[in-house]
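Open the model in your viewer and keep the sequence panel beside it. This tour says what to select next and what is there.

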Amino acid sequence: MPHPYVLLSAAVSLDGYLDDTGPDRLLLSSPADFDRVDEVRASVDAILIGAGTIRADNPRLLVNSETRRAARVAAGKPPYPLKVTVSGSGELDPAANFWHTGGEKLVFTTDKGAERARALGLAADVVSLGPELDWRRLLEHLHEERGVERLMVEGGGRIHTQLLQQGLADEVQLVLAPLFVGTPDAPRLFGPGGYQSGRLRLLESRRIEDVVLMRYEPTAPGTGPLPTAADHQWLARACESAAQCPPSETAFSVGAVVVAADGTELARGHSREAGDPVVHAEEAALAKIAPDDPRLATATVYTSLEPCTHRASRPAPCARLILDAGVRRVVTAWREPDTFVAGADGTGLLTAQGVDVVVLGEYEDRAKAPNRHLL
């Protein structure tokens with residue numbers, strides 16, 4: 001199921017702390033950066049914080065600029081984004097500012113937590129995610145039931161950690177403040193544990209008064225059948241590569257990217273690349289990688305159209321080339337229609353050989369775009 005675009009937003013000290021241990025909140029951002037955060041809030045459909053952040057900081061979580069609120073209304077949106085909180089226990093403070101300012105509110109919790117939260121009489125919708133908190137179900141609900149396309153997550157550190165560890169964060173906006181906290185038991189932005197993000201890609205760095213904004217996106221592919229935010233980004237690049245194909249009346253235009261487990265791009269290719277009228281995208285990409293490259297065993301192949309199983313122009317179809325290369329995971333946007341080969345089923349062939357195939361149908365229109373004349 002499609003998810004919203006998930007943006008993690010935080011400010012930290014030079015030594016990586018979100019706050020100190022004093023009774024008052026440590027203000028890490030500058031006035032100009034607070035205004036930037038207000039601008040980002042105005043651009044999203046929902047803002048999420050954990051129940052612990054409500055207890056610790058008692059935030060109002062508003063779009064403060066009247067001009068930005070007016071622009072939202074002019075665009076057919078409510079003046080404030082949906083405010084979302086997550087609490088496994090359902091133990092929430094009804095007097096907190098969160099409930100009494102801004103627009104609509106939504107609580108995600110567990111079956112047991114829902115009983116407690118509803119008993120409080122909060123001015124909010126309460127949604128149970130089952131016996132345990134489930135971030136994928138939460139994101140699916142926001143997208144499918146609430147129409148949330150962009151979600152801003154403002155904390156706390158535990159929530160940021162879980163979303164990044166599960167590969168569900170599309171972007172990290174991190175502000176670095178010029179001070180040290182130096183207290184070991186102060187809250188940090190990210191906790192220990194395994195992360196699926198690999199080496200993040202820097203999208204932007206910008207000085208804002210005395211702080212620095214850094215925007216990153218994760219690059220490491222997912223593992224197994226569950227997609228990650230990075231999977232979406234790489235598949236979008238494969239679809240972009242398909243647009244580079246010379247036009248044809250007898251073959252599809254396809255793009256492919258091969259990515260190592262740490263997020264390193266190993267190669268990319270597209271149909272009819274380099275003047276070869278019959279080369280396929282996956283074939284072109286894999287040919288650029290040494291067959292004995294050890295990274296292939298844990299790599300992911302992203303292809304705008306599922307790998308072929310039959311072809312007259314080469315001895316081996318692309319599904320076979322992927323298997324022979326030792327790749328065990330494929331992410332694709334579009335199942336092959338019967339236009340040229342009836343009953344083609346690259347997904348079936350690969351899964352029968354133990355390869356995880358992930359189909360992200362929300363990219364099907366992008367994959368079809370350079371092939372409209374064939375459909």
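Buried means under 20% relative accessible area, exposed means over 50%, and partly exposed lies in between, with a 1.4 Å probe and protein chains only. This is a predicted model, in which local features need pLDDT of at least 70, side-chain atom pairs count only at pLDDT 80 or more, and totals for chains, interfaces and linings use all residues. Residues are numbered from 1 along each chain as its sequence is written, and side-chain values use heavy atoms, with hydrogens and water left out.

**Whole chain**

Show everything as a cartoon. The chain has twelve helices and 14 strands. Helices (H or I, at least four residues) and strands (E, at least two) are DSSP runs, numbered from the N terminus. The C-alpha atoms fill a box of roughly 70 × 40 × 40 Å, taken along the principal axes. Of the 375 residues, 51% are buried.

**The nine-strand sheet**

Select the strands β1 to β9. They form an open sheet in the order β5-β4-β3-β2-β6-β1-β7-β9-β8, with mixed pairing. Two strands pair if DSSP finds at least two bridges between them. Look at the edges: β5 (125-128) and β8 (201-208) each pair on one side only. From one strand to the next, the twist averages 20°.

Contact means heavy atoms within 4.5 Å. Axes are lines fitted to C-alpha atoms, for helices over the stretch in contact, and angles run from 0 to 180 degrees between N-to-C directions.

**Strand β7**

Is β7 enclosed or open? Five of its six residues are buried, so β7 is largely enclosed by the rest of the structure. Select residues 171-176, then 211-217: these are β7 and β9, paired in the antiparallel sense over five bridges. Gln-173 stands opposite Arg-215 in β9. Val-175 has Leu-213 of β9 as its bridge partner.

Now turn to β1 (residues 5-12). Strand β1 runs parallel to β7, and six bridges join them. Val-12 stands opposite Leu-176 in β7.

**The five-strand sheet**

Select β10 to β14. This is an open sheet with the order β11-β10-β12-β13-β14 and mixed pairing. The edges are β11 (265-270) and β14 (356-359); each has a single partner strand, so one side of each is left without a neighbour in the sheet. Here the twist averages 15° from one strand to the next. Zoom in on β10 (residues 255-259), which runs antiparallel to β11 and is joined to it by five bridges. Ala-256 stands opposite Gly-269 in β11.

Gln-233 counts as buried, because its relative accessibility is 13%. What is Gln-233 in contact with, leaving aside its neighbours within four places in sequence? The answer is Asp-170, Glu-217 and Pro-218.

**Helix α10**

Select residues 318-325. In α10, Cys-318, Ala-319, Ile-322 and Leu-323 are buried. They cover an arc of only 145° around the axis, which puts them on the same side of α10. That arc is taken from the directions from the helix axis to the C-beta atoms. Show what the buried residues of α10 pack against: α9 (281-286), β12 (300-303), β13 (329-332) and α11 (346-352). Gly-326 follows α10, with a positive phi near 90°.

- Gly-156: find it in the loop between β6 (150-153) and α7 (157-165). The peptide bond from Gly-155 to Gly-156 is cis, with omega near 5°.
- Asn-58: look in the loop between α2 (51-57) and α3 (66-74). Its phi is positive, near 50°, in a residue other than glycine. Asn-58 counts as partly exposed, at 34% relative accessibility.
- Arg-272: go to the loop between β11 and α9. Arg-272 is not a glycine, yet has a positive phi of about 60°. Arg-272 is buried, with a relative accessible area of 8%.
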